[in-house]
Amino acid sequence: MPKQMSLDAGNSMQPHKQDPKTSAATNQPGLLAPDTTGMNFYRADPALTDLLKLHLPDALFRHIEPHLDRLGGLAGGYLDECARLADRHTPVLHQRDKFGRDVQHIEYHPAYREIEKAAFGEFGIHALSLRKGIMGWPDKYPVVAKHAFTFLFNQTEFGMGCPINVTDGCAKLLTNFGSEALKAKYLDGLTQTDMSRLTQGGQFMTEKEGGSDVGTLTTRAVQEGDHWRLYGEKWFCSNADAKVVMLLARPEGAGAGTRGVGLFLMPRFLDDGSQNHYRIVRLKDKLGTRSMASGEIKLEGAIAYAVGKLDRGFVQMAEMVNSSRLSNGVKSTALMRRAYHDAMTVAKNRVVFGSRIIDLPLGRRQMLKIMLPVEQALSMSFLTADALDRAEAGSQDAAALLRILTPTLKFRATRDARKVCGDALEMRGGIGYIEEFATARLLRDAHLGSVWEGTGNIVAIDALRRAVGRHGAESALAADLHARLDDSASVPQAWRDRLHTLTDRAVGFAREVAGKAENEADARRATSLLYHVASAVALAWEAHRIHAMRGDARRLLLSRLVIDHRVSPSDPFRLTENATQAKIAALLLGERDAGMSEVGELVLAA
């Protein structure tokens, strides 16, 4: 990556010249709070380091830490400036080349290409769990390690997170279900870190007829020798010019519903170099992730190849969707962390009425309201990633746990991101609404998480009706949470007893909701309760482990705040601020470590 580069003559990255006539009074430094420019997002996040040490072998952690440190620095500096430019200068679809030939291509701003080189080239985030040897590690990376890079990278550019994710997903589908011939032809390109050989992937599923209701899709597949021809329209296709696409279509003669849907691989270019028989009709004008091209696709006899069994297409694609939902949760957590960094930068540096915002009672309370869902989501993200690693290693218990954790994380973290990013914007005041600062972009991007890979209603139904009602996955969750509490001997017994009880109540309520169709209206609340109680247990378990590792038990205070503010009913007429709450705020918003004895007293205090 070049250290310095002027990416846009119209929006130079060079400092603006000062007007000598500018009033000295209005040109003083410090009138506006600084932002996160120049911050290293890895070094600024000790919780990330702690959780990685808990979930990864020491040798692997020590190997990736210098790379995480480099990415953290780029994310707060050069890549962040690239992201700002790429968001402002959106992709442009060209229908013809300069010779008048009907050859479509999408033009991207050079800043977007710089972000691509970092994501796919230097760090290889799309292939970390699929290809050996990336960044000098002799093996593939576990999902926990991969999503550490996902988490840091998406703090600077959420839009590129989609091409990374769908390329990863295409490679996984091909690895798990593709024929040897298809693997030999396409798999290496999908996992390349050499930009000249990289083949980015796409997944075109959504249609006008059926978004979440996949069984109503109308795209047809007609067999022609050893390949198929596809006809129809795909309505929302991110990474629209991807070179390899996975999509669902209904083979001629197949039955209705999802059982009649097959999975197909569709190349953008045919073996003779010509474009395949489908057109990008137009690009979407989106609220967020504006740097990345999403489009509408019309299939006009496009050549494609069947992947796996034709009557298992939906089931095969669903495996990818679950992996994508985990990634979605991690990305939303990244947006929240970036928003927290910005809000804290304002709170510590903005002086109003003679005091820093962080020293004012309402300012501290607002920062805690921003911090809590961030830390919940971080813990749940790595809990879920760890379950996926263990499931892929063959653990059936972990597979069941993953089945409930994935939609639960996706449902709550993506919804929390919208509020956290909005509250962080408000912390900066009116200037936070201005696009020159990152907060406006964070808020726009945060709204994608709630609709990507299923809206809130759909994901809550998946968690309750399917994961709980059909698969009984809540039993695995209960067993895991009780085991973590039993493994947290240094946490006060009274607090562990309370979390044991709340775990049983949350699981029992989820079963009650899943047991009758008429209870569906409570699915969102039941899913949220599973998330909050699970995160409170995870935070307590982490506090025990981190305290043993380096003497800091402050994450246990977050466990209490989850129960106080997101689980327990509250009296709207009762004052909530007292000496205990003030001490908790001082510890969580400060930088001093606190031992289990000090923290334990606060957790149990009134």
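This is a predicted model: local features need pLDDT of at least 70, side-chain atom pairs count only at pLDDT 80 or more; totals for chains, interfaces and linings use all residues.
Student: What is the handedness of the crossing of H16 and H17, and how many nonpolar, polar and charged residues does the contact have?

Tutor: The crossing of H16 and H17 is left-handed. From H16, the residues Leu557, Leu558, Arg560, Leu561, Asp564 and His565 meet Thr580, Gln581, Ile584, Leu587 and Leu588 of H17. By class, this contact of H16 with H17 has six nonpolar, three polar and two charged residues.

Student: How are H1 and H15 oriented to each other?

Tutor: The axes of helix H1 (residues 46-55) and helix H15 (residues 523-550) come within 10 Å and cross at roughly 90°. An angle of 65 to 115 degrees falls in one class. H1 and H15 are therefore roughly perpendicular.

Student: Which residues of H15 meet H1?

Tutor: On the H1 side, the contact involves Asp50, Leu51, Lys53, Leu54 and His55. The residues of the contact of H1 with H15 comprise five nonpolar, one polar and five charged. The partners in H15 are Trp541, Glu542, Arg545, Ile546, Met549 and Arg550.

Student: How is H10 oriented to H12?

Tutor: Helix H10 (residues 396-428) packs with helix H12 (residues 456-468) at an angle of about 160°, and their axes are 9 Å apart. Because angles over 145 degrees form a class of their own, H10 is roughly antiparallel to H12.

Student: What handedness does the crossing of H10 and H12 have, and how do the residues of their contact divide by class?

Tutor: H10 passes H12 in a left-handed crossing. H10 contributes Arg403, Ile404, Pro407, Thr408, Lys410 and Phe411, while H12 contributes Gly456, Val459, Ala460, Asp462, Ala463, Arg466, Ala467 and Val468. The residues of the contact of H10 with H12 divide into eight nonpolar, two polar and four charged.

Student: What is the volume of the largest cavity?

Tutor: The count comes to two cavities of 30 Å³ or more. The lining of the largest cavity is formed by Ile125, Lys146, His147, Thr150, Asn154, Gly161, Ile164, Asn165, Asp168, Ser327 and Lys331. The volume of the largest cavity is about 70 Å³.

Student: Which helix gives the largest share of the lining of the largest cavity?

Tutor: The elements giving two or more residues to this lining are helix H5 (143-153), helix H6 (161-177) and helix H8 (313-349). By class, the lining of the largest cavity has two nonpolar, six polar and three charged residues. The largest share, four residues, comes from H6.

Student: How much space lies in the second largest cavity?

Tutor: Asn165, Asp168, Gly169, Lys172, Met320, Ser323 and Ser324 line the second largest cavity. These lining residues divide into one nonpolar, four polar and two charged. The space in the second largest cavity is about 40 Å³.

Student: Which helix gives the most to the lining of the second largest cavity?

Tutor: H6 and H8 each supply at least two residues of the lining of the second largest cavity. The contribution that gives the most is four residues, and it comes from H6.

Definitions and conventions
Residues are numbered from 1 along each chain as its sequence is written. Side-chain values use heavy atoms; hydrogens and water are left out. A crossing is left-handed if the near helix is turned anticlockwise from the far one by less than a right angle, and right-handed if clockwise. Contact means heavy atoms within 4.5 Å. Ala, Val, Leu, Ile, Met, Phe, Trp, Tyr, Cys and Pro count as nonpolar, Asp, Glu, Lys and Arg as charged, and the others, Gly among them, as polar. Axes are lines fitted to C-alpha atoms, for helices over the stretch in contact, and angles run from 0 to 180 degrees between N-to-C directions. Angles under 35 degrees count as roughly parallel, over 145 as roughly antiparallel, 65 to 115 as roughly perpendicular and the rest as oblique. On a 1 Å grid over the protein atoms alone, a cavity is a set of points where a 1.4 Å probe fits but cannot get out, and a pocket is an open set with protein on both sides within 12 Å along at least five of seven lines; lining residues have an atom within 4 Å of a point. Grid points are joined across faces, edges and corners, and a volume is the space filled by probe spheres set on the points.
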